[in-house]
Amino acid sequence: MSLPLRFASISSKLFFKPALAYIGNLKWMRRYLDFLTKLNGINPKGAIYEKSSLLHNGQAVPVVWAGLAEPSQSHVLLYIHGGGFIFGSADTHKHLAADIAGQLGIKAVLPNYRLAPEHVFPKGFDDVVTSYRGLLEMGYQAQNIIIGGDSAGGNLTFALLAYIAAHKLPMPACAFTFAALTDLANSAKSITENATKDCVLAANRFSEMSFAYAQGQDFKSPYLSPIFADFTGAPPVLMQASENEMLIDDSRAMLKVLTDQGVDARLSVFGNGFHVFQILRGFVPEANLAITELVGFIKDQMPGAKR
């Protein structure tokens, strides 16, 4: 483990994980964790951000466009931020999306989907669907769209893929996730086995946050727990996760579901316990390597992307 990652891990154990574990009021927790997450936000050189909306069927979702100068106008990354469906925003993750998109020579767009507990399922998910449909209505060809997300955003990424398949919409070029939450029932053994090794997540809040998002819903709904979804016809998928984080088994279970259904899916496991360590790109070498792997994967799926 590099020195920067070791420092980040210690800092997260001291300041992030206790807040996630013990701040009872979810709205107060959101404010504090958003503040901490933004501190990791090293903007790539020349990053450009613009606020706008994506529109579909009379619905508008506020978004942030992110990228570097002179991006391709034909390709786009739809990036769905994480935060347990409770916190996080386009602003907390825009530097990460800008870096990925910038290395591809394209733009990224991050929806500010509605968060729990104020807005329960399916409102946030509806915003993600609206965002994808909005890109199609803007004129983006599905084969030139990449979708991806981290943690709860990874959950929404897979839920969106399942929705696209179920509604016979054109499929994106590819998809990726960082430490996706794929089983909202939180039944994976790694949640307890890695509870002390995980530098970020707090096991005691999993159920509360799941219920806050999915009040009264069946956790086995494919749009809540994508391990129960049908992904027939889905494009290639790259998943990344950390060996000692609590959600590693969610990615492993998702890999089996996808491969059993004939999807070209792969999982890269990194030897650390930092949940969504990729957000530390620009500071941590391991994160930079993970982004390099991801960019190479996307380029392989999108011949028209910048090389």
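The legends below describe close-up views of a predicted model.

Local features are given where pLDDT is at least 70 and side-chain atom pairs where pLDDT is 80 or more, while totals for chains, interfaces and linings use all residues. Residues are numbered from 1 along each chain as its sequence is written, and side-chain values use heavy atoms, without hydrogens and water.

View 1. Helix 9 covers residues 285-301; helices (H or I, at least four residues) and strands (E, at least two) are DSSP runs, numbered from the N terminus. At 1.5 Å a residue, its 17 residues should span 24 Å, and the end C-alpha atoms lie 25 Å apart, which agrees. The expected span is 1.5 Å times one less than the number of residues. Glu286, Ala287, Ala290, Ile291, Leu294, Val295, Phe297, Ile298 and Lys299 are buried in this helix. Buried means under 20% relative accessible area, exposed means over 50%, and partly exposed is in between (1.4 Å probe, protein chains only). The cover over these buried residues includes helix 1 (3-22), helix 3 (90-104), strand 5 (145-150), strand 6 (174-178), strand 7 (237-242) and strand 8 (265-270).

**View 2. The largest nonpolar core.** This core has 112 residues. A nonpolar core is a set of buried Ala, Val, Leu, Ile, Met, Phe, Trp, Tyr and Cys residues joined through side-chain atoms within 4.5 Å. Ile100, Phe176, Tyr213, Phe231 and Ile298 have the most contacts inside the core. Helix 5 (residues 152-166) gives the largest share, 10 residues. Beyond neighbours within four places in sequence, tyrosine 213 is in contact (heavy atoms within 4.5 Å) with Phe85, Ala116, Val120, Phe121, Phe125, Leu156, Leu184 and Leu224. In soluble globular proteins, nonpolar side chains tend to be buried together.

**View 3. Serine 210 in helix 7.** Helix 7 (residues 206-213) contains serine 210, which counts as buried at 4% relative accessibility. Serine 210 touches Leu184, Asn186 and Phe219, not counting residues up to four places away in sequence.

**View 4. A nonpolar surface patch.** Ile10, Leu14, Phe15, Tyr32, Phe35 and Leu39 make a nonpolar patch of about 640 Å². Patches are made of residues with over 30% relative accessible area and no salt bridge, like charges being joined within 9 Å and nonpolar side chains (Val, Leu, Ile, Met, Phe, Trp, Tyr) within 5 Å. Accessible areas come from the Shrake-Rupley method with a 1.4 Å probe, and for residues only the protein chains shown count as cover. Helix 1 and helix 2 (26-39) each supply at least two residues of the patch. Leucine 14 is in helix 1 and counts as exposed at 56% relative accessibility.

View 5. The structure holds nine salt bridges, each a side-chain nitrogen of Lys or Arg within 4 Å of a carboxyl oxygen of Asp or Glu. In one of them, glutamate 118 pairs with arginine 30, with the closest N and O atoms 2.8 Å apart. Glutamate 118 lies in the loop between strand 4 (107-111) and helix 4 (123-138) and arginine 30 in helix 2, so the pair ties together parts 88 residues apart in sequence. Glutamate 118 is partly exposed at 35% relative accessibility, and arginine 30 is buried at 16%. In another salt bridge, aspartate 99 pairs with arginine 281, with the closest N and O atoms 2.7 Å apart. This pair links helix 3, where aspartate 99 lies, to the loop between strand 8 and helix 9, where arginine 281 lies, 182 residues apart. Aspartate 99 is buried at 14%, as is arginine 281 at 3%.

View 6. Glu243, Asp249 and Arg252 are linked in a network of salt bridges. The closest N and O atoms of aspartate 249 and arginine 252 are 3.3 Å apart. Both residues lie in helix 8 (residues 248-260), three residues apart, about one turn of the helix.

View 7. Most residues other than glycine have a negative phi, and most peptide bonds are trans. The peptide bond from alanine 116 to proline 117 is cis, with omega near 5°, and a cis bond also joins phenylalanine 121 and proline 122, with omega about 15°. Proline 117 is in the loop between strand 4 and helix 4. Serine 151, in the loop between strand 5 and helix 5, has a positive phi of about 55° and is buried at 9% relative accessible area.
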